[in-house]
Amino acid sequence: MESNPENPPVEQKANDPVGKSGVSPKSVPNKGDAQPIIRGKPKSGRVWKTSKNRFATVKRSLRGKTSVQQLAYRDEIKQIKQLSQSIKETRRRENEVKRLRREENKRRRLENERKNEMVQVIKNPAKLKRMRKKHLRMIEKRDISKLNVV
């Protein structure tokens, strides 16, 4: 083998961390490293938004762990489930209270409208035939037994 002065032979030293690929082994991520994935700029342009985890993806199951770790894991899962249940229950109660309040307000508003109405009993049904359409649209039937009409 003749050595060419233009292309000297490349020898890799034992303590040299960079291999033939030119990538150091430290830059290659290991499976054990739990570093967050670097994300680029979102398409929507909302850079302040972060990725959110749902309750189901917060904890993963453990395999090959000791019984103490497994019990601690189960307790933690129970606490997470209890917290999520309490959050759901409070939301459900708040929605129920809001719904009842809306129904009560609607009922009260209708009652106040009925109290405030001017009532005139039409005794002659022939008047209805002579009325215009616009006036007929304003006429509503009521049960006069509940009203105090003189």
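**Figure 1. Accessible surface and overall make-up of the predicted protein chain.** About 16,200 Å² of accessible surface is presented by the protein chain, and carbon and sulfur atoms hold 52% of that area (Shrake-Rupley method, 1.4 Å probe). The model is predicted, with local features requiring pLDDT of at least 70 and side-chain atom pairs pLDDT 80 or more, while totals for chains, interfaces and linings use all residues. Numbering runs from 1 along each chain as its sequence is written, and side-chain values rest on heavy atoms, without hydrogens and water. The chain contains four helices and zero strands (DSSP runs of H or I, at least four residues, and of E, at least two, respectively), in the order α-α-α-α. Among contacts (heavy atoms within 4.5 Å) with a separation of 6 or more, 23% join residues 24 or more positions apart.

**Figure 2. Helix 2, residues 67-116.** Across the 150 residues of the chain, 3% are buried.

**Figure 3. Lining of the largest pocket.** Eighteen residues line this pocket, and Gln 120, Val 121, Ile 122, Ile 139 and Glu 140 are the closest to its centre (on a 1 Å grid over the protein atoms alone, a pocket is an open set of points where a 1.4 Å probe fits, with protein on both sides within 12 Å along at least five of seven lines; lining residues have an atom within 4 Å of a point). Helix 3 (126-130) and helix 4 (133-138) are the elements that each give two or more residues to the lining.

Terms used. Buried < 20%, exposed > 50% of the residue type's maximum accessible area, 1.4 Å probe, protein only. Expected span 1.5 Å × (residues − 1).
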